[in-house]
Each structure stands twice: as structure tokens, then as C-alpha cells.
Amino acid sequence: MAAAIGGGWFAYRYFAKPVVLTVAAGSADGEALALISAISARLTASNSHVRLKVSDAATSAKAAEMLAAQKVDLAVVRGDTSGLADARSVLLLTHGVVVMMAPSAASADSLGDLRNTAIGVIGGAVNRAVVEALKQVYQFDGARVSFQDVNLNDAAGALASGKVHALLTVIPLTEAYLAKARQLFQQERAKGSAAKLIEIEAAGAVANVAQYYESYDIPKGTLRGAPPIPSDDLTSLRVSYFLVANKSVNADAITDLTQSLVDAKRDLLSQFPILGQAAAPSTDADALIPIHPGAATYYNGSQQSFLDKYDDKLYYASLLLGTLISILVAAWRFARSGTGSESMLEPLYELGNEIRNAKSDAELEDIEKRIDDILKKELTKNAGANADSAEMAALGLAAHRLHYLMGHRRMLVRSTAVSPTGATQQ
């Protein structure tokens with residue numbers, strides 16, 4: 001019983017205890033951290049088996065570094081971030097689109113037409129991979145096109161002062177981010193010049209040399225609806241944002257996490273519209289970031305039930321528990337057997353000496369009563385089906401011998417009480 005209770009308690013603690021995974025997230029605008037924090041709170045509120053502990057990494061690159069160093073289990077990263085060799089995708093969060101904006105007075109409509117232009121790169125190091133990919137296709141040196149890092153808060157001022165002539169950023173195409181993009185041109189609108197988007201006409205070639213990007217058409221009117229900006233679908237690039245896990249993280253935990261994330265997405269969609277773009281990552285063998293086996297199990301619908309998953313463990317645990325109980329029962333019976341042998345036979349053997357030394361019928365009757373009491377007690381204790389036959393046989397032999405001694409001694413006592421002439425002594 002102790003083993004059964006202990007095993008049940010251990011099993012309950014093992015299966016009911018939440019699994020806590022650490023996740024690193026960060027972005028210049030803080031949206032990535034806010035989103036993951038909201039998801040973490042939702043998992044806790046819904047009593048999910050897997051919980052998230054959020055760590056602020058400030059940038060996607062830093063989050064990837066923490067994941068590679070195994071300081072965290074999960075990270076929110078951009079597809080063009082380096083150091084993702086050990087990363088495995090769990091959820092495709094959203095896509096970031098390369099948006100290049102310039103005042104409407106700019107003469108060039110495409111990146112290849114720009115001349116003598118300084119492009120301000122919002123985010124700096126975060127978007128350095130984009131700039132390097134563009135440089136592999138476009139001849140910027142000959143066209144005297146340069147790139148300068150600008151802070152988000154300084155971007156509008158740099159554009160208004162002429163320090164830069166265009167701005168490059170990577171943002172999801174959601175209303176919240178597009179509103180921020182429009183605000184960068186408030187001062188230009190005061191001068192009578194609105195914003196326009198610059199086309200990356202060689203997006204396909206860029207995607208070929210940097211496979212973490214793909215060609216993407218920005219829909220007509222994305223930046224502004226009346227008049228529409230752009231006036232027609234515009235070719236650009238986009239890159240994916242992933243929630244990834246280290247490949248060493250337990251597959252069962254990732255399966256449970258993936259299911260919880262899909263449930264949380266529905267609950268948080270109104271608060272974070274960007275989750276409308278969340279989807280399953282690619283399961284192809286040549287995917288940019290291979291999918292984690294635990295996530296693949298959920299997306300493929302191949303989750304196992306509790307019994308299927310733990311069938312072998314439960315089987316061997318039951319065998320072990322049964323063996324342990326058998327050993328305990330055998331030890332108890334052995335100890336009980338030793339105690340019983342002493343309690344049945346030793347007192348009876350001792351009574352044999354008292355019978356031999358008895359001087360009267362009264363003493364013999366007292367001894368006989370004590371024998372009956374012992375026999376009654378021991379027969380009652382061993383009346384069950386599990387009584388030891390050998391011990392019962394020994395008990396019978398001992399009782400038979402005592403009765404023989406009792407009869408023999410009674411005859412001797414009575415014979416000494418009769419005179420030699422046959423008359424009873426007075």
C-alpha cells in the first residue's frame with residue numbers, strides 16, 4: 001500500500017507539474033517582447049502544461065545568441081539572423097516587409113534608378129543583412145548610393161534636414177506599423193510632399209543570393225488609400241519572424257507548447273492583430289529553419305494519447321511495483337512465521353516440564369487449561385487459507401505429546417494417593 005501510494009503521488013507530481021521554458025525576445029519598438037509576454041500570461045491563466053519565462057533580449061540578434069549559448073530554450077528571431085544552426089522552428093509569427101520610402105518629389109521610382117542618394121537604415125545593425133544582400137545585386141558604388149544607420153526617433157528629422165533622402169525599414173504590414181511609417185513623413189507633408197515607396201525591382205535576384213528573403217508584392221494602397229500609395233502592386237522583399245526552440249528541447253514539451261500557442265493565438269488576436277499572420281512553419285526538409293520534431297508532431301496531427309505515449313513506462317512500472325509488493329509480503333510472512341513458531345511451540349515445550357513436576361490433579365487441570373488456551377489462540381490465528389501446514393503439523397505433534405504426558409502424569413499422581421492394600425489414605 002505504501003508503494004502504491006508513493007508511486008501514485010510521484011506519477012501525479014511528474015505529469016501534473018508544469019514545464020517551464022525560457023524564451024528570449026526583443027525588438028527596437030518593444031512589440032516582440034510585449035507579444036511574447038502576453039502569450040506567456042495567457043498560458044499561465046489557462047493552466048497550460050507548458051509555461052514561458054520571458055527574457056528581454058533587446059534585439060533578434062541577441063535573442064539568437066542567447067539561444068545558441070543555451071541560455072534560453074526558445075527565442076523570437078528574424079530569418080536573416082545569424083547563429084541559427086541549432087534553432088528549430090515552432091511557429092511562424094509574421095513576415096517583415098522591406099519598405100523603402102522617399103518623398104514624392106524624388107525622381108526615382110525604383111532602387112536601381114537612385115543616384116547620389118543617402119538612404120537612412122532604421123534599426124541599423126538589425127537591418128544590416130538586408131543592406132548586404134542588396135549590395136550583392138545592385139551597383140551602389142557607381143551610382144553613389146550610400147547607407148547610413150539612423151535611430152527610429154531621429155529618422156524623421158534626418159529626412160527633413162536632407163541628411164538622408166530615403167528611409168529603409170523592415171516592418172510587418174499591419175495598421176499599427178504602417179501608421180508609424182506615415183508619421184515619418186509628417187514634416188514632408190507640411191512642405192507639400194507626401195511619401196512614396198521605392199520598388200526593389202530585382203527582388204527575385206536578391207532572394208536567389210540571400211535565401212532567407214523572398215520576393216513579395218506590396219499591395220496597392222498599402223501606405224495610403226486615397227490616393228493609393230503605392231498606385232499599383234510594388235515588388236519588394238520580405239523576411240519571416242519565427243518562434244524557434246533549441247533542437248535539444250524535449251519534443252513532447254514542444255508539442256504541448258505548440259498546441260497551447262495555437263489556442264492562445266485565438267484568444268489574443270483582438271489585442272494583437274499581428275497574430276493573424278501567425279501560421280505553421282514550413283515542414284520541408286530544405287526549409288530555411290528546420291521544423292522542431294515536437295512542432296511537426298502537432299501540425300501533422302500525429303500526437304499520441306497518454307496511454308500510447310507512456311504505455312511502456314506504465315507497463316514496466318506495474319511490473320516493478322508488483323515485484324516490490326511481492327518482496328514486501330514475502331518478508332512480512334517470513335518475519336511473522338518466525339514469530340509464530342516461537343509463540344506456538346516454545347510455551348508448549350515449557351509446559352512439558354511443568355507436567356512432569358505436577359504433584360496433584362489441580363495442578364494438572366490448571367496446566368491443561370493453559371494448553372487449551374494456547375491451542376485455541378493459535379488455531380484461531382492460523383484458521384485462514386494461508387496457514388503454514390508445516391507449523392500446524394508441529395503444533396499437532398506438540399499437543400499430542402503434551403496430552404500423552406498429561407495422562408501418564410495423572411495416573412502417577414493418582415497411584416501415589418492410594419495405599420498398598422488398595423484403601424484410600426485418610
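**Entry 1: Thr-235**

I began by looking up what surrounds Thr-235: leaving aside neighbours within four places in sequence, Thr-235 is in contact (heavy atoms within 4.5 Å) with Glu-199, Ile-200, Ala-203, Ser-215, Tyr-216 and Asp-217. A note for anyone joining me here: this is a predicted model, where local features need pLDDT of at least 70 and side-chain atom pairs count only at pLDDT 80 or more, while totals for chains, interfaces and linings use all residues. Residues are numbered from 1 along each chain as its sequence is written, and side-chain values use heavy atoms, with hydrogens and water left out.

I found Thr-235 in strand E12, which spans residues 234–246. Strands (E, at least two residues) and helices (H or I, at least four) are DSSP runs, numbered from the N terminus. Is Thr-235 buried or exposed? Thr-235 counts as buried because its relative accessibility is 17%, and buried means under 20% relative accessible area, exposed over 50%, and partly exposed in between (1.4 Å probe, protein chains only).

Asp-217 turned up again when I checked side chains: the side chains of Thr-235 and Asp-217 make a polar contact at 3.3 Å. That term stands for a pair of N or O atoms within 3.5 Å; within protein, one must be able to donate a hydrogen and the other to accept it, and residues adjacent in sequence count only if both atoms are side-chain atoms.

**Entry 2: Asp-80**

Next I went to the loop between strand E3 (74–78) and strand E4 (87–103), where Asp-80 sits. Asp-80 has a relative accessible area of 9%, so I noted Asp-80 as buried.

Which side chains make polar contacts with the side chain of Asp-80? I noted Arg-78 at 2.9 Å and Tyr-213 at 2.6 Å. Not counting residues up to four places away in sequence, Asp-80 touches Tyr-213 along with Ala-129, Val-130, Tyr-212 and Val-239.

**Entry 3: backbone notes**

Where is Pro-230? I placed Pro-230 in the loop between strand E11 (228–229) and E12.

I then looked at phi angles. Asn-47 is not a glycine, yet its phi is positive, about 55 degrees. Asn-47 lies in the loop between helix H2 (31–45) and strand E2 (50–56), and I marked Asn-47 as exposed because its relative accessible area is 61%.

Arg-144, also not a glycine, has a positive phi of about 55 degrees. I located Arg-144 in the loop between helix H5 (140–143) and strand E6 (145–150). With a relative accessible area of 65%, Arg-144 is exposed.
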